[in-house]
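Please report on the aromatic contacts and the strand pairing in this structure. Keep the entries brief.

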Amino acid sequence: MHAWIFPGQGAQRRGMGREVLDRYPERVREADGLLGFSVAELCLEGPEERLRDTRYAQPALFVVEALQVLAARDEGREAPGVLAGHSLGEYAALFAAGSFDFATGVRLVRRRGELMARGVPGGMAAVVGLGPEETAAALRACGAGGVDIANLNSPEQVVLAGPPHELDRVAAWLRQEGGGRRVRCLPLQVSAPFHSRYMRDAAEEFAVFLEDVTLREPRVPVIANATARPYGPDVAALLARQIREPVRWAETMDELRARGVEEPAELGPGTVLTGLWRARRRPAAPAPGTAPASRTGPAPGAASDPGTAPAPAPAPAPAPAGGGTGAGPEAVRAEDLGSAGFRRDYGLRYAYLAGSMYQGISSVELVLRMGRAGLLGFFGSGGLGPDRIDEALRTLADRSGPGRRFGVNLLHTPGDPRREAAVTDLLLRYDVPFVEAAGFTQLTPALLRARFRGARRDRQGRPVPGRRVLAKVSRPEVAALFAAPAPAPLIGKLVADGALTEQEADIARAVPVSTELCVESDSGGHTDAGTALALFPAIARLRRAAADGATPPVRVGAAGGLGTPEAIAAVFLLGADFAVTGSVNQCTPQAGTSDVVKEMLAGAGVQDTAYAPAGDMFELGARVQVMRRGTLFPGRAARLYELYRRHGSLDELDAGTLASLESQCFGRPVAEVWQETREYLARTDPGELARAEASPRLRMALVFRWYFVRSTRLALRGDPGGRVNYQIHCGPAMGAFNAFVAGTPLQDWRRRHVDEVADRLMTGAAEIADGYLRTVKRAQE
């Protein structure tokens, strides 16, 4: 297969592009107008100092490489079957693949250069002679915790980014502890620590900029720097990640070879990438402690983002470079955790989901941001009226793009099946691709319609349900219902009622109600307070029992208590196919709750939650897990339930008790609370109103439930006068996450973007899992 590859910043030099700048004068004038300076003058005559300035170098290099793409096509050169570019060069590759036009590319790299050129203190250095794993070990040994591995160029060449004093410390340590190898640490002439944690602000601002840019999925495969895998529809998300994540060039070369590329054509100034390519075929470097063999001819350069500052290098060993964690040749990556089939079927880069939180706390913006990052979130429809849900689904359908990477919660409402049916109608109207089924203790007609409406068979005759349903379960007997086909009588009734066709019913009889079960342990909100170590293995056995080859495999994931990389790693090592987070996403800029609540959550510890009665299942004694720090809600809710349990009506309460409830819980007379409740039921459920008028105890329960509605609204609004009554669903994962990010930029919740939380947790979990597996392997040896 033929490939084109494009170098990044650092390859630029005076005189570059001479052969194409005069050939395409209209394109050059277009670029000049967008940039506000003459590209030709800069490339052919400009001072070296300006060519090194990121703000000018990036757009100039892109223009030259894009024009070389046009020239290659006009000259009839062999079209590539795959493309790749090193850092900035990736933009030329995406241009060649049709992801955006020339003018859009110029605007993109101009903004990228502006953001990356901002005064972030730090620098970069190329380490030549060590691989990623050895370099990571060196960083730990010399205490350079502020230094990141920014580029993985070959098995014996990496680029570091971080504070200058720490880079100097690394260089000094390598000089003393090189182990007899010819190891060099060469400072690069750059203005900032690119492709590292220090670029997070630039990456976030660039992601916002990309929201208004039309980017298309490449027509020709382009291997992404951030993943060393081909781009999908998530072009914007990967371009934003690329700014702050390592350039995985060694793995990119391996991917090209795996696709049958023998010798790529390098378009752009210089041949540094060609040198790296050819070096991969040379004999392995000498073992530590032996003299290096003599070599002749040019040595490959040390690429960075800023690109490619030439440096002599030992011949690299043939083993592939490590992953984005900087670990060794077989390092576990975040993309490797969990089920590959799950990632494929859901179209995700991680086996990771952001679960729903009621009242739209899992907001439209949260779900869209996850989708743009190649991840999936579920909109929290629970507790919202049909109009609010309709508006949210319309926005999600319109703005999610061709990938349609969004999900919506379907909450079981046993006391109000009409609401469940109404939400299902909306799911079907907007053809929501992914549904999170929560709170179900039995299968319902609405749930089965959501799963099987639109079901069909593919060309091979395999059943394809209408949409994927992920079932949150905390009891094995409920999980068993979801892991099996729906009962025949229930399917028959749906057909008789016209809710399913015979073809849809045929598929419903053949496949499980859900092929994804999420074991929900001790989580925020509704919980059975199960322990993951006991609950997950019990439900995971259903996976083995159902995988008989005749039906699609049942996958089992985990939720509840997942607020640290250690917890995420633990559930994957336990055998989870995917992980679902909840509480930690409530404390992000995208969450649909008040800033006051987010401040409270950001200050929580693992001990700052408690159990309280659930308002929607008040009479049944169901419980939710909530914040107790800074609010009196748990105690006041428990008091209401005790009063309900011991009394038959409001009239049985003494005057002192009523007065304290009115002042502490309701903020108004009980008579007003009942009147408001009565008016609401008259509009929405006259039958329930009639039953309450006839039952003093039900009337008392409805009045007490009013407090739960009020406490939620106070928290969502951030009402300063009602803080002591805030109801905030939250599990101990929140406090664990706060401890994890203490002392980092994410200590401030305003910087905890929901996709950033996912990246931190999953990459950290991969490092922990990798370390554990390596320890086990060493012990076995």
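## Aromatic pairs

Rings of Phe, Tyr and Trp (its six-membered ring) pair if their centres lie within 6.5 Å; planes under 30 degrees apart count as stacked, over 60 as edge-to-face and the rest as tilted. This is a predicted model: local features need pLDDT of at least 70, side-chain atom pairs count only at pLDDT 80 or more, and totals for chains, interfaces and linings use all residues. Residues are numbered from 1 along each chain as its sequence is written, and side-chain values use heavy atoms, with hydrogens and water left out.

One aromatic cluster is formed by Phe618, Phe633, Tyr641, Tyr644, Phe704, Tyr707 and Phe708. Tyrosine 707 and phenylalanine 708 pair edge-to-face, 5.9 Å centre to centre with 75° between the planes. Both tyrosine 707 and phenylalanine 708 are buried (under 20% relative accessible area, 1.4 Å probe, protein chains only).

The structure holds 19 aromatic pairs. In one of them, the ring centres of phenylalanine 37 and tyrosine 56 are 5.0 Å apart and the planes stand at 65°, so the pair is edge-to-face. Both phenylalanine 37 and tyrosine 56 are buried.

## Charges over rings

A charge sits over a ring if NZ of Lys or CZ of Arg is within 6 Å of the ring centre and within 35 degrees of the ring normal. The charged end of arginine 697 sits over the ring of tyrosine 644, 3.9 Å from its centre. Arginine 349 lies over the face of tyrosine 350, at 4.5 Å from the ring centre.

## An open sheet

Strands are DSSP runs (E, at least two residues), numbered from the N terminus. Two strands pair if DSSP finds at least two bridges between them. Four strands form an open, antiparallel sheet in the order β4-β5-β3-β6. Its edge strands are β4 (148-154) and β6 (184-188).

Five bridges join β3 (residues 123-128) to β6. Alanine 126 stands opposite leucine 186 in β6.

Methods. Buried means under 20% relative accessible area, exposed over 50%, partly exposed in between (1.4 Å probe, protein chains only).
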